[in-house]
Amino acid sequence: GVVALIWNDRNGEGSEFSRGYERILLEQLEDYRNARHRVSKSGVIQEFLGSSQCVSFPYHQDLDFASLLGRTSSSSYVPKETDPRYPKLRGALEDLFRQCQQGGKIQMEYTTFIHW
């Protein structure tokens, strides 16, 4: 059979927003520091697939603040709204969004990887 693995790897080093978002996660979320990994660079793919081919390309999502908050909250390492850490995280995200938004949106930057 044929197997293809496809995912988006968030860019934490690109734009002002990307760097700020990564900084917020690293500073405020211990679970993020522990969960953070880059499968694309770990050798796991080659171990799983043996010899494989890969393509990668840039991708982004345009997000308003509600979408950014939803995207962030969907990650397992982000505290729920009832957690005492949540208001500080939300406030930092609001500040970053306000600084970086253009036309009411930011761009969440990724690299898309396809291995087969």
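This is a predicted model: local features need pLDDT of at least 70, side-chain atom pairs count only at pLDDT 80 or more; totals for chains, interfaces and linings use all residues.
1. Leaving out residues up to four places away in sequence, Leu93 touches Tyr21, Ile24, Phe65, Leu69 and Thr72.

2. Leu93 also belongs to the largest nonpolar core, which has 22 residues. Leu93 is listed there among the residues with the most contacts inside the core, together with Phe17, Tyr21, Leu29, Leu68, Ile106 and Met108. At least two residues of this core come from each of α1, α4 (65-73), α5 and β3 (106-115). Helix α5 gives the largest share, 7 residues.

3. Two of these helices, α1 (residues 16-28) and α5 (residues 86-100), pack against each other, their axes 10 Å apart and at an angle of about 170 degrees. Because of that angle, α1 is roughly antiparallel to α5, the cut-off for this term being over 145 degrees.

4. Which residues meet where α1 packs on α5? From α1 come Glu16, Phe17, Gly20, Tyr21, Ile24 and Gln28. From α5 come Lys88, Leu89, Ala92, Leu93, Leu96, Gln99 and Cys100. By type, the residues of this contact divide into 8 nonpolar, 3 polar and 2 charged.

5. Leu5 lies in strand β1, which covers residues 5-10. Is Leu5 buried, partly exposed or exposed? Leu5 counts as partly exposed because its relative accessibility is 24%, and buried would require a value under 20%.

6. Apart from neighbours within four places in sequence, Leu5 is in contact with Ile45, Phe48, Leu49, Phe113, Ile114 and His115. Its C-alpha atom is separated by 34 Å from that of Glu94, which is 89 residues away along the chain.

7. As for the chain overall, there are 5 helices and 3 strands. Along the sequence they follow the pattern β-α-α-α-β-α-α-β. The C-alpha atoms fill a box of roughly 45 × 30 × 20 Å along the principal axes.

8. Of the contacts with a separation of 6 or more, 79% are between residues 24 or more positions apart.

9. How much of the protein chain is buried? Buried residues make up 33% of its 116 residues. The chain exposes about 7400 Å², and carbon and sulfur atoms supply 49% of that area.

Key: Residues are numbered from 1 along each chain as its sequence is written. Side-chain values use heavy atoms; hydrogens and water are left out. Axes are lines fitted to C-alpha atoms, for helices over the stretch in contact, and angles run from 0 to 180 degrees between N-to-C directions. Helices (H or I, at least four residues) and strands (E, at least two) are DSSP runs, numbered from the N terminus. Angles under 35 degrees count as roughly parallel, over 145 as roughly antiparallel, 65 to 115 as roughly perpendicular and the rest as oblique. Contact means heavy atoms within 4.5 Å. Ala, Val, Leu, Ile, Met, Phe, Trp, Tyr, Cys and Pro count as nonpolar, Asp, Glu, Lys and Arg as charged, and the others, Gly among them, as polar. A nonpolar core is a set of buried Ala, Val, Leu, Ile, Met, Phe, Trp, Tyr and Cys residues joined through side-chain atoms within 4.5 Å. Buried means under 20% relative accessible area, exposed over 50%, partly exposed in between (1.4 Å probe, protein chains only). Accessible areas come from the Shrake-Rupley method with a 1.4 Å probe; for residues, only the protein chains shown count as cover.
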